[in-house]
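Keep the model open beside the text.

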Amino acid sequence: MPELPEVEVIKNIIKPLLMGKIISYSIVRIKKLKYIISKNIVKINNQKILNIKRRGRYILIILLQNTIIIHLGMTGKLFIINNIKKNILTYNKHDHIDLIINHNLILRYTDIRRFGFWLWEKKNYKKNIFLKKLGPEPLEYKFNDIYLYNISRKKNVPIKILLMNNNIVTGIGNIYANESLFKSNIMPTRQSKTLNFQEITYLVKNIKYILNKSIKHGGSTIINYRLPNKNIGNYSKYFYVYGRENKFCKKCSTIITKIKQRNRSTFFCYKCQK
Ligand SMILES: [Zn+2]
């Protein structure tokens with residue numbers, strides 16, 4: 001599943017290629033991904049792209065009056081394809097949507113498992129039903145130690161569950177929640193209200209550090225987010241705990257433990273994390 005850094009990297013790659021350009025038309029080869037694809041996307045015609053943004057794990061294509069909201073689900077990928085004459089007729093069964101840009105470029109959406117979705121928002125995208133409840137972006141100032149400390153007092157949940165609640169902070173996701181808690185020496189199972197202010201401060205600092213470092217390395221999941229001519233997605237080699245059960249802790253050589261929390265995998269080191 002693409003997490004925030006991967007979506008940020010994709011946004012950063014496609015933004016300069018698409019901003020200010022015109023969506024000439026679309027080719028939609030499927031009726032429904034996770035949700036039905038709006039007729040407005042199917043029939044889109046000569047619409048200028050004012051901007052490309054990211055909110056949480058959503059990619060936003062901002063048009064003059066509307067917004068296309070894209071969520072990549074589990075296996076969604078976006079490709080920029082240059083040679084339109086050659087490639088527009090060449091597609092496979094998982095290439096569901098093409099946006100034809102300036103009649104010479106394709107933004108192609110591929111999704112094997114079809115858990116992704118494309119929405120058409122007529123109002124301000126901030127009021128979209130999926131976006132309006134999202135908490136602050138973890139890399140913005142609004143997500144800070146005072147904010148997380150205050151919220152953590154009020155919740156009876158383990159700290160990792162709190163970090164993965166998109167209404168509290170948007171898009172940290174499982175990988176980066178695990179890695180941030182390891183770097184902060186905090187056990188993922190600890191009740192959030194037992195963390196003191198100093199621990200919260202350190203945790204917030206590490207969340208921002210790890211997300212920024214992953215964005216710098218192009219995200220962590222090279223297989224799903226490959227874009228042409230870009231060497232991205234090599235952050236996974238920097239993982240300390242995620243996916244490393246039964247391996248030695250890189251700091252203290254204790255064996256890394258894996259458990260389930262709310263059906264998601266949690267990884268930690270008994271010795272390093274308290
Ligand atoms: Zn350790």
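At what angle do the axes of helix α1 and helix α7 cross? In this predicted model, the crossing is roughly 40°, and the two axes come within 9 Å. The points below cover that contact, then the sheet on which α1 packs.

**Helix α1 against helix α7**

- Helix α1 spans residues 4-18, and helix α7 spans residues 197-216.
- The crossing of α1 past α7 is right-handed.
- From α1, Leu4, Pro5, Glu6, Glu8 and Val9 make the contact.
- From α7, the partners are Leu211, Ser214 and Ile215.
- By type, the residues of this contact are five nonpolar, one polar and two charged.

**The sheet**

- Eight strands make an open sheet with antiparallel pairing.
- Their order is β5-β7-β6-β1-β2-β3-β4-β8.
- The edges are β5 (76-81) and β8 (117-121).
- Each edge strand has a single partner strand, so one side of each lacks a neighbour in the sheet.
- From one strand to the next, the twist averages 30°.

- β5 pairs with β7 (residues 105-111) over six bridges, in the antiparallel sense.
- Lys77 stands opposite Thr110 in β7.

**Helix α1 on the sheet**

- α1 touches β2 (45-55), β3 (58-63), β5, β6 (95-101) and β7.
- The direction of α1 makes about 145° with that of β2.

Methods: Residues numbered from 1 in each chain as written. Predicted model: local features only at pLDDT ≥ 70, side-chain atom pairs only at ≥ 80, totals over all residues. Heavy atoms only, no water. Axes fitted to C-alpha atoms, helices over the stretch in contact; angles between N-to-C directions. Helix = DSSP H or I, 4+ residues; strand = E, 2+ residues; numbered from the N terminus. Left-handed = near helix turned anticlockwise from the far one by under 90°. Contact = heavy atoms within 4.5 Å. Nonpolar A, V, L, I, M, F, W, Y, C, P; charged D, E, K, R; others polar. Pairing = 2+ DSSP bridges.
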